[in-house]
Amino acid sequence: ETEAQADAIARVLEDLGKSQAMDRIVCGDVGFGKTEVAMRAAFVAVQAGRQVVVLVPTTLLAQQHLANFRDRFADWPVRIEALSRFRTARESDAVIEGIEQGKIDIVIATHRLLHANVRFRELGLIIIDEEHRFGVRDKEKLKALRAEVHVLTLTATPIPRTLNMALGGLRDLSLITTPPPGRLTIKTFVNEWHDATIREAMMRELRRGGQVYFVHNEVRDIEKVAASLRELVP
């Protein structure tokens, strides 16, 4: 683990040991180790006899986290379940019943949890992955869930309100700015449209055997943009 990641882990674990509820944001690029911080925090909370919620914005991410968490805690008596669209009504009811009875230690859930009116037996930690993907109503429901509960927010792109609260001292902030060994730092450039620059960036990625993901904001003229790109990079 990098020094920045180790520092974030240490601060989160220190906060979990305090009587005052934690409200910490861990900010870092994709692949910089935010999930590792979440796993360590979840483990500490479960060992203290508390339940953990990992809230994610998409069903696919819920399945990925479920697989990762189960793999990581395979040698420990920790029961982990998911609550998302991939579950049938009967399976979802069984998960909710397990949560309310305290049989489930960690639940990884999408927005579905917020609309299920779940009553936790002993909720101790809420981990929110990609907070900016949750709307105002969702956050109001989270506030109702989290009276005196530790909250850990993971994000690569904090929304202005969250960032302002962190910089103003209303929420604690940990930055993971160092990439893991063997990974280069992500570089972001903001430019006007320039054919030569776009071609150079795409060709550099293609020459190394990589793929390019081009995001366009209008369905109306997306074919026109695709045609331009075909000319630039035949």
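A residue counts as partly exposed when its relative accessible area falls between the under 20% of buried residues and the over 50% of exposed ones. E97 has 43% relative accessibility and therefore counts as partly exposed. The structure described here is a predicted model. Its protein chain has 234 residues, of which 41% are buried, and its secondary structure comprises eight helices and seven strands.

**Overall dimensions and surface**

- Taken along the principal axes, the box filled by the C-alpha atoms of the protein chain is roughly 60 × 40 × 35 Å.
- About 14,500 Å² of the protein chain is accessible surface, and carbon and sulfur atoms account for 51% of that area.
- The side chains include 33 positive and 32 negative ones, and the centres of these two sets lie 2 Å apart.
- Of the contacts between residues at least 6 apart in sequence, 73% join residues that are at least 24 apart.

**Nonpolar cores**

- The largest nonpolar core contains 33 residues, and those with the most contacts inside it are V52, F69, I106, L125, I127 and L152.
- Helices that give two or more residues to this core include helix 1 (3-16), helix 2 (34-47) and helix 3 (59-72).
- Another core, of 20 residues, lies apart from the largest one and has L55, I104, L113 and I128 among its members.
- Leaving aside residues up to four places away in sequence, L125 touches L16, M22, A41, A42, A45, Q51, V52, V53, V149, H150, V151 and L152.

**Aromatic pairs**

- The protein chain has four aromatic pairs.
- One of them joins F69 and F73 in a tilted arrangement, with 6.0 Å centre to centre and 55° between the planes.
- Both F69 and F73 are buried.
- W193 and F214 form an edge-to-face pair, with 6.2 Å centre to centre and 70° between the planes.
- W193 lies in the loop between strand 7 (172-176) and helix 7 (195-207), while F214 lies in the loop between helix 7 and helix 8 (222-232), so this pair ties together parts that are 21 residues apart in sequence.
- F214 has a relative accessible area of 33% and is therefore partly exposed.
- A single aromatic cluster is formed by F43, F69, F73 and W76.

- The contacts of D15, not counting residues up to four places away in sequence, are with Q20, M22, R24, H150 and D172.
- D15 and H150 are separated by 135 residues in sequence, yet their C-alpha atoms are 8.5 Å apart in space.
- R40 belongs to helix 2 and is partly exposed, at 29% relative accessibility.
- With residues up to four places away in sequence left out, R40 touches E1, I9, L13 and R72.
- R40 and V26 are 14 residues apart along the chain, and 13 Å separates their C-alpha atoms.

- E97, the partly exposed residue of the opening, is located in helix 4 (residues 89-101).
- From E97 to V118 the separation is 21 residues in sequence and 8.7 Å in space, C-alpha to C-alpha.
- G209 is placed in the loop between helix 7 and helix 8.
- The relative accessibility of G209 is 65%, so this residue counts as exposed, the cut-off being over 50%.
- The C-alpha atoms of G209 and I186 are 18 Å apart, and the two residues are 23 residues apart along the chain.

Methods: Residues are numbered from 1 along each chain as its sequence is written. This is a predicted model: local features need pLDDT of at least 70, side-chain atom pairs count only at pLDDT 80 or more; totals for chains, interfaces and linings use all residues. Side-chain values use heavy atoms; hydrogens and water are left out. Helices (H or I, at least four residues) and strands (E, at least two) are DSSP runs, numbered from the N terminus. Buried means under 20% relative accessible area, exposed over 50%, partly exposed in between (1.4 Å probe, protein chains only). Contact means heavy atoms within 4.5 Å. Accessible areas come from the Shrake-Rupley method with a 1.4 Å probe; for residues, only the protein chains shown count as cover. Lys and Arg count as positive and Asp and Glu as negative; His and the chain ends are not counted. The place of a charge is taken as NZ of Lys, CZ of Arg, CG of Asp or CD of Glu. A nonpolar core is a set of buried Ala, Val, Leu, Ile, Met, Phe, Trp, Tyr and Cys residues joined through side-chain atoms within 4.5 Å. Rings of Phe, Tyr and Trp (its six-membered ring) pair if their centres lie within 6.5 Å; planes under 30 degrees apart count as stacked, over 60 as edge-to-face and the rest as tilted.
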